[in-house]
Amino acid sequence: MNFIDPASLSELDFDWLRKFKASKCLDTLDIQVSGAERKILHNQSLSSREKFANLESINTAFCLREQELTGF
């Protein structure tokens with residue numbers, strides 16, 4: 001069951017989803033997502049709003065890729 005409407009995805013969501021397409025299993029996806037989150041949180045050049053937008057898009061992309069990998 002897909003709860004995320006693809007029409008509602010932002011360009012940032014698609015950017016992160018493209019990056020996560022390299023993951024072929026949930027373990028590598030989890031590693032990629034954890035690294036991306038750390039990178040965003042420690043990036044001093046991003047404003048709080050930009051960090052939040054990126055973290056939100058990382059979460060959305062993770063959920064979509066997880067669904068693809070698990071067959072839902």
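What percentage of the 72 residues in the chain is buried? In this predicted model, buried residues make up 28% of the chain. The paragraphs below set that figure beside the overall fold, the surface and two individual residues.

The architecture is helical: the chain contains 3 helices and 0 strands, and read from the N terminus its elements follow the order α-α-α. The radius of gyration is 12 Å, close to the 11 Å that the globule rule gives for 72 residues, so the chain is as compact as a globular protein of that length. Along the principal axes, the C-alpha atoms fill a box of roughly 35 × 25 × 15 Å. Of the contacts in the chain with a separation of 6 or more, 66% are made by residues 24 or more positions apart.

Confidence in the prediction can be considered next. The mean pLDDT of the chain is 92, and 96% of the residues reach 70 or more. Among the elements, helix H2 (residues 26–41) has the highest mean pLDDT, at 96, while helix H3 (residues 48–70) has the lowest, at 94.

The surface may be described by its area and its charges. The chain exposes about 5,000 Å², and carbon and sulfur atoms supply 57% of that area. There are 9 positive and 11 negative side chains, and the centres of these two sets lie 6 Å apart.

Two residues of helix H3 illustrate how accessibility is assigned. Thr 60 lies in this helix. Is Thr 60 buried or exposed? Its relative accessibility is 17%, and because the cut-off for burial is under 20%, Thr 60 counts as buried. Leaving aside residues up to four places away in sequence, Thr 60 touches Ile 4, Leu 9 and Asp 13.

Glu 50 and Ile 40 are 10 residues apart along the chain, and a distance of 9.0 Å separates their C-alpha atoms.

Definitions and conventions:
Residues numbered from 1 in each chain as written. Predicted model: local features only at pLDDT ≥ 70, side-chain atom pairs only at ≥ 80, totals over all residues. Heavy atoms only, no water. Helix = DSSP H or I, 4+ residues; strand = E, 2+ residues; numbered from the N terminus. Rg over C-alpha atoms; globule rule 2.2 N^0.38 Å. Buried < 20%, exposed > 50% of the residue type's maximum accessible area, 1.4 Å probe, protein only. Contact = heavy atoms within 4.5 Å. Areas by Shrake-Rupley, 256 points an atom, 1.4 Å probe, with all protein chains shown as cover. Lys, Arg positive; Asp, Glu negative; His and termini not counted. Charge placed at Lys NZ, Arg CZ, Asp CG, Glu CD. pLDDT = per-residue confidence, 0-100.
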